[in-house]
Amino acid sequence: MTTAELIGQDPGWLITVKAFMVFGLCVILTLIAIWAERRIVARMQMRLGPNRTGKFGLLQSLADGVKLAFKEDLIPKAADKIIFVLAPLISVTVCFLAFAVIPISGPVSLFGRQTAMQLTDLPVAVLYILAVTSIGVYGIVLAGWSSGSVYPLLGGLRSSAQVISYEISLGLSLVAVFIYAGSMSTSEIVAAQDRFWFALVLFPSFVIFVISMVGETNRAPFDLAEAEGELVGGFHTEYSSLKFALFFLAEYVNIISVSALATTLFLGGYRAVPGLGFTEAWLGGWFTVFWFLGKVSLFFFFFIWLRGTLPRLRYDQFMKLGWKVLIPSSLAWILVVATLRVLTAEGASQFIIGGFTLGVVLLVLAASTLYERSKVKRQAFLHNIGEMPEPSFPLPVMPTARKNERLVIESHE
Amino acid sequence: MNPYVPIIAVGAIGFGFGLISLAAGALTGPKRYNRAKLEAYECGIEPSPQAQGGGRFPIKYFLTAMLFIIFDIEIVFLYPWAVTFDQLGVFGLIEMALFILTVFVAYVYVWRRGGLEWD
């Protein structure tokens, strides 16, 4: 029986119980995630981090939540009152939806019924996740717009431009997965990875996905929307009390959802590491939840690690990476994967496949060499400008070098 | 049961949680009126006057949204092709390569015209 059929048999009460379980899992994971992030970042910066509330400071996030509830709930004078209240509601409603199609465990028995810890199994599950995460942008942009203030407006626009730019490369990186799995359903994608994880077979897709998921969730080093030195707090500058807490919750649930999506699509979901001899019969059932949560925490640790290591990018560098590097490279990768797949399916000889792979590798090398050379040339050109006596003031070397060249050429004429 | 019913269930739980939080925040918090507190936050200085309808912002953001639509539609065409890839075979591959190349021409055009530059 497939997972879809198994889940399709659930009676109404079981669906309700599972929905509450998924919701509870998201909230508890968020509380733990915030605590873990603060502790781990503190360790990376040679601090202790919160360690007073509860054992190891475990209750810190809960204490912060309670504190926020007793803060004044402000609505600024210039704000659009209805939308200002509606925006956090949109964010928090939508952030849980993505988890509905994530397979958290294999077949298990819950209250004496056979089911799987996955709320529903759609044939278009991944498309659905992309759609739902896009609705989250409405919460951000409406919050920024309705605040009636300059910082939130710019922060909200930045966030939404960032999310939609990286959504393209995120979407493109999934195409290779669909080609290999032959399906968009999350449970079938997990089932297709019983021998090899897609993270190994489709490594470039995995890298592109991981980069764009960091950009998509507005996290460091891509957290330009809340660049404190430029925009105060970003789109939620004017929010206080529990409205702010809702945005915070939504942000962390989104991070956990994309981690869960990455686990499902690239690391074999709830399944054990292939080749270690863990079978469904031996370590199946509820034990699969631990595999799932372990892999999700691995991704979450990666998020924290990035935050503790990398400085924030500048906005133009960030957009350049998204539009000029990730999109063309993922398009090229899709064509390469598709060609390889067709060649193997058509039974082409090893010779042709090897030749094709070699050709692609050579092309990539040639392109990168050409790029490096043009960069060196431009640098040398700019260097010469600095030595010329004509402009009496030092010309700043700007990142948009081409513009400088043009300026200088015009001034020479 | 319809597979979309559980989605409504989890959405309703999230919505209810949000509503309860909003109501709780309005009830539990203190209310101390202060004129300066209700002004827009601009690091303590007098807020700059806002234009009607939310204020002005750079046209770049609008352009980014338009470009996003182009590529998003490309993705929408790629997904069904990827799912049925094995049935389509060589024909599908060539068709899709032509399609990607066509969109790529537009992409190069936008790049050369400076549509992807931020300054």
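Let me begin with two helices of chain A: helix H11 (residues 241-266) and helix H13 (residues 288-309) pack with their axes 9 Å apart, at an angle of about 120 degrees. Axes here are lines fitted to C-alpha atoms, for helices over the stretch in contact, and angles run from 0 to 180 degrees between N-to-C directions. That angle makes H11(A) oblique to H13(A); angles under 35 degrees count as roughly parallel, over 145 as roughly antiparallel, 65 to 115 as roughly perpendicular and the rest as oblique.

Before I continue, a word on the source. This is a predicted model, in which local features need pLDDT of at least 70 and side-chain atom pairs count only at pLDDT 80 or more, while totals for chains, interfaces and linings use all residues. Residues are numbered from 1 along each chain as its sequence is written, and chains are lettered from A and ligands numbered from 1 in the order in which they are written. Helices are DSSP runs (H or I, at least four residues), numbered from the N terminus.

Returning to the pair, Ile255(A), Ile256(A), Ser259(A), Ala260(A), Ala262(A) and Thr263(A) of H11(A) meet a set in H13(A) that includes Phe292(A), Phe299(A), Phe300(A) and Phe303(A). Contact means that the C-beta atoms of two residues, placed from the backbone, lie within 7 Å. Ala, Val, Leu, Ile, Met, Phe, Trp, Tyr, Cys and Pro count as nonpolar, Asp, Glu, Lys and Arg as charged, and the others, Gly among them, as polar.

H11(A) also packs against H2(A): their axes come within 9 Å and cross at roughly 100 degrees. That makes H2(A) roughly perpendicular to H11(A). Cys26(A), Leu29(A), Thr30(A), Ala33(A) and Ile34(A) in H2(A) meet Leu249(A), Tyr252(A), Val253(A) and Ile256(A) in H11(A). These residues divide into 8 nonpolar, 1 polar and no charged.

Which residues of helix H3 (residues 60-69) of chain A are buried? They are Gln60(A), Ser61(A) and Leu68(A). A residue is buried if 20 or more other C-beta atoms lie within 10 Å of its own, exposed if 12 or fewer, and partly exposed in between. Seen down the axis of H3(A), the buried residues fall within an arc of 95 degrees, so they line one face of the helix; the arc is that of the directions from the helix axis to the C-beta atoms. Their cover includes helix H2 (12-44) and H11 of chain A.

Two residues deserve a remark on their backbone. Ser241(A), in helix H11 of chain A, has phi near 55 degrees, a positive value in a residue other than glycine. Ser241(A) is buried, with 23 other C-beta atoms within 10 Å. Asn218(A) lies in the loop between helix H9 (203-216) and helix H10 (228-231) of chain A, and its phi is near 60 degrees, again positive in a residue other than glycine.

Finally, the partner chain. The contact takes 59 residues from chain B and 73 residues from chain A. On the side of chain B that touches chain A, H1(B) gives the most, with 17 residues. That side divides into 37 nonpolar, 13 polar and 9 charged residues. Val175(A), found in helix H6 (residues 150-181) of chain A, is in contact with Ile334(A), Leu78(B), Tyr79(B) and Ala82(B), leaving aside its neighbours within four places in sequence.
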